[in-house]
Every structure is written in structure tokens, then in C-alpha cells.
Amino acid sequence: MTQAAPLPPEITAGLAALSPTQLAWLSGYCWAQSQQGSAPALPEAAAPARRITVLSASQTGNARRVAEQLLLKLEQAGLDARLVAAADFKSKTLAGEDIVLLATSTQGDGEPPEEAVPLYQFLFGKKAPDLSRLSFAVLGLGDSSYPDFCQAGRDFDRRLAELGAKRLLDLGICDLDYQAAADAWIGAAADTLGKLAAAAVAAPASQAAVAEAAQVYSKAQPFNAVLSLRQKITAREAEKDVEHIEIDLAGSGIRYQPGDSLGVWPLNAPDLVAEILALHQLAGHEPVRLPDGRDTDIQTALIEHADITQNTPALVQQYAALSGSSALRQTVENAAALDVYLAATPPVGVFAEHPHPLPAQALFELFRPLTPRLYSIASSQAESEDEVHLTVGMLRYTHHGQAYSGAASGFLGERLAEGGSVRVFVEPNKNFRLPENGNTPIIMIGAGTGVAPFRAFMQQREANGDAGKNWLVFGNQKFTDDFLYQAEWLQHRKSGLLNRADLAWSRQGAEKVYVQHKLAAAAAEVWQWLQQGAHIYVCGDAGRMARDVEQVLLNIIADQGKMSDDDAADYLNDLREEKRYQRDVY
């Protein structure tokens, strides 16, 4: 019997690239041809299917939802795609990817969302890779009322191209009302990738990734919950007013984890709506059409559908044109003057200072759509069961002697009566989770209402019986006025659940003391805890506190670990990727 000759290497390589379905067809084809007594000509090996990774970099959940929609569209087109959260993506594997589609939000001063910081730092660092084998496209989500609109998306798009990657689509830009723009970009992406695919294997569309993240109640379909308790937890004479809020979720089946956020759809203050209507000489019953095509009256539209508390460049620009105000036009034409004006003047102030009554529809279209506010959950269901607790800092301001409050904080903290209805949904935050191993030590760093998720952490660790050490670094203005949940923290300290507490009071003495000062003073202990595998959590203001804390952490790592600044930055970035350094900042 003659031994079959081995296949040439180029054919072997081609066979390795075929799918199981293609191999099965090929084997049958070859067998049939052999029965006819003629040596078949092997078909050209199919080019390997393009591998598509959809990266989701989200801060509030919008970019994640868009990424899920993109994945579903690609799967329906028969393309080989997977969805990965940026927090779960290993930056160093980027150069080995084929096609990456990145949906990213922007936070703070044009910064990437928290879960995408390791990738961002990797791309802009000294160890940035050659990406000449990568193809990519970026979709940016943002808020045009901020000067650095969609800056994270712009940065990623530019940097990937600079590193040699091939841009498949122009950068997509989405504002707060993002769905139409996102749908158009997703359609273009699916069309482009469909043409690129060398061999799309027909397969039923899988919605597993979407179903995993789906909830019964969502941003689009919130649950009508009930406000069961509101209690002020700062002293009467405190400069800050912080309210402890308890919301009843009975009958919803809603589940949440420590670290998650609660989305709250507020209703605007009727008094503010009445003031705006009066300035435009409207009675409130005038008809308007909503963006979704439904009809209602202007009063209802302003209470339920418009963001009437936050001023935007677009509002001032459009109103300047409609009103014909030369003073307002001059402000709009000077970028620096416009920034100052926006910071000091709410929309109602614009109308009062430059009176020009508008028809109902024109007035309504000046405002951005009302969006839900996200609050870090301050409770664990292991203790609160069918309740969810929030820690709400009241936003209050005056303009020309008139007092106003924030849309959501005013709704939850003042206007909504106990027993009243509030529309809510849970926004999961997989990037702010307790360690899976309960023996792992944790360091919790927060200022003001940033202590909220750490209250939930302690409740959960106590319920679990976790043995891991717990260290709280908390800051606020005064011990006597602003020690949020003081009795609970003292009880945790007494019981031994809280092993260490460092408290920083910025208005208590002659010098201002902040959480970063407490960390710096305990540098050796912080480093020791890190060597023991500790996870570090930071919650609160992104603009100052979180930045200052990160700089101190870098200093601690460099000094205590005897590293260069670059090596310390790499060390901290590794902690991020290992989920040992997590932030919930806003």
C-alpha cells in the first residue's frame, strides 16, 4: 500500500484557517471526487474571517448600551464579533487584535471613563505599541455643554491612527440625545465590516451578551418606586445639606450589588417651570410636540422632559439669535466670556436678563432632553432587602436673590413627599466591586457623599462574614457637622469590622486637611497593605480629590517601592487592570 504524501505547508496552513463547517464540506467534496477516479483540484483556502472586538468604555452606561446594540447588529450580519468591557480588556493584547470598534464616553475635563484609563495610559505612554496590523473605528459619546465635548473619543481616534492603525470609519460623535447618531454610525459600521469580511459564516444572531446585561427595569423602562424615608444627616448649622434617602423597591424584583448606582428620573420644580412660562407669557396649556412625536402641553413638557436647570452653549447661542440681543450676541462671540456666563447664569436668568417671549415649541426646543441622575448606592441588599439607600448632597444656588435647587437633589431632597413616586433603575458598575475573596484587605478613600458606596461595602462584608481588613479614609468639612453616618462607622470600629479610620476635616482647624494628606502621612502602611494584596477604592469628586489622591498614591509607590516615576505609573496601571485600584468618580 502506497503511503500518502504529506500535504504541502501552504495547503496545511490554508486548512488551519477553515471553520469546522468548511472543513466538513471540503472532506465530503474530496471523497466524492476520489470516487470518480480523478484527483480533485482543491478549492482555494478561504481567507480567515475578520475578528471584531467591540470595546465598551462607559461611565454611566450609555456607551455600554450602544456597544451592545453594535454587537447585535454585527452578529445579525453574520460577523465574528465579541463584546468586551474596557475594564476586562488587557491593554497589551491590543496589537494582536484584528478589528477594534471602540464606543467610549467622556468624563470630567475631557478624560476617558474610569474603566478605560489603563488603555488610555498605555496608548499614550512610552510603551505604546505598533498598531499597523490593527483596523479600528471609534464612536464617542459626550455632552456638548462641556468644552471638551467627546474629547476621550477624539483622543482615542487620533492616537490609534498615530500608532499606525487603519481607520475604517470617521469618528462618530454623539451628544446626550445620542440614539439617532449612534444608530447611523452602527449601520455604517456594519455595512463597512460586512464588505470587509472575507467569509461570513451564517449563524443565528446571538443576544447572549445583551441578555446578560439586560434588566427588567432600565433607563428606558424605569420602575415606579416609592420614597419611604428622607433624613438630613448633616448638622443643622452645617454648610452642606446632605440627605439620607430610602427608596422602596417592593414588588420590582430589582437586584443590585455594592458599587452599583441608582438612576433617578427627576421631575423639575413646578415653581421654576411657572417662572419660565411667565417670562415667555405662556399659560402652560399651549401644545408642543416631543422629540418622539407625542403631543403634550408646554407645562408638562418642561416638568417631565426638558433639562431646565443646566445652561448650555447651544441654549445661549440659539436664544441670542432668536431674541436679537446684542449683549447676548457679544457674550456668545467671546468663548471666555461665554464660559463665565454659563457658570453664573441658569437658563431662567438668561430669559430674565434678556426678555423676548418665545412660542411654546421654540421655548421647549431650546433645552436639552431631561436625563436621569446617577447616585452611588449606599446600601447592601443583604441588609436592606427591598430598599435602596442613597446619600444625596443638596445642590442650591441663588441668582439675583432668587433661590433654586438642583433638578434631582431638589426633587429627592425637598419636593418629593414621603410616599411619593420616583422612577428608578439600577446602573450596574462592574468596575467598582468588592474583591471576590473576602479575606482581601481593602482601603476605601472618599470625601463627602463619596462615602456612600463604602457604607454598602461594610454592610456586605459584615453579612458575608468576610475576614479581610477594612481601612476608611474619609474627608469632609467639620467633624461636628459633616461626619456622614458617624454612628455606623463608630459601631463598625467598635465591633472590629473597621480596622482603621483616618478622618480629614478641611474646616476644623487652622489648616485644611484633606484625604490625600492622610494618605501621605500613612505612606508606609498604605504600601504594606498593597504588599498584602489590598484593593484600593476611591469615590467622589473627579476634578480635584481623585486627582490629588492618585498623585499621592503614585508618590507612595515610587518612594516606598523605590521606583522611578515611570515604573510607579506602570505599577498603578497594573493595579487598575488587576481590579485592585477602582474609582467611582464624577
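1. In this predicted model, V264 stands opposite R373, a residue of strand β14. The strand β9, residues 261–265, is joined to β14 by four bridges, and the two run antiparallel.

2. The β9–β14 pair belongs to an open sheet of six strands, whose order is β14-β9-β18-β7-β8-β15. Pairing in this sheet is antiparallel. Its edges are formed by β14 and by β15 (387–393), each of which pairs on one side only. From one strand to the next, the twist averages 40°.

3. Is T371 buried or exposed? Its relative accessible area is 18%, and T371 is therefore classed as buried, the cut-off being under 20%. Leaving aside residues up to four places away in sequence, T371 touches W265 and P266. The separation of T371 from W265 is 106 residues in sequence, whereas their C-alpha atoms are 6.9 Å apart in space. W265 falls within the residue range of β9, 261–265.

4. Helix α12 (residues 335–344) has L338, Y341 and L342 as its buried residues. Viewed down the helix axis, these buried residues fall within an arc of 100°, and they therefore line one face of α12. The face turned away from that buried side carries the exposed residues A336, V340, A343 and A344. Which elements cover the buried residues of α12? Among them are α10 (313–323), α11 (326–333) and α13 (347–353).

5. The crossing in which α4 passes α23 is left-handed.

6. Which residues of α4 and α23 meet at this crossing? On the α4 side they are V117, P118, Q121 and F122, and on the α23 side N573, R576 and E577. Sorted by class, the contact of α4 with α23 comprises three nonpolar, two polar and two charged residues.

How values were computed:
Residues numbered from 1 in each chain as written. Predicted model: local features only at pLDDT ≥ 70, side-chain atom pairs only at ≥ 80, totals over all residues. Heavy atoms only, no water. Buried < 20%, exposed > 50% of the residue type's maximum accessible area, 1.4 Å probe, protein only. Contact = heavy atoms within 4.5 Å. Left-handed = near helix turned anticlockwise from the far one by under 90°. Nonpolar A, V, L, I, M, F, W, Y, C, P; charged D, E, K, R; others polar. Pairing = 2+ DSSP bridges. Axes fitted to C-alpha atoms, helices over the stretch in contact; angles between N-to-C directions. Arc of directions from axis to C-beta.
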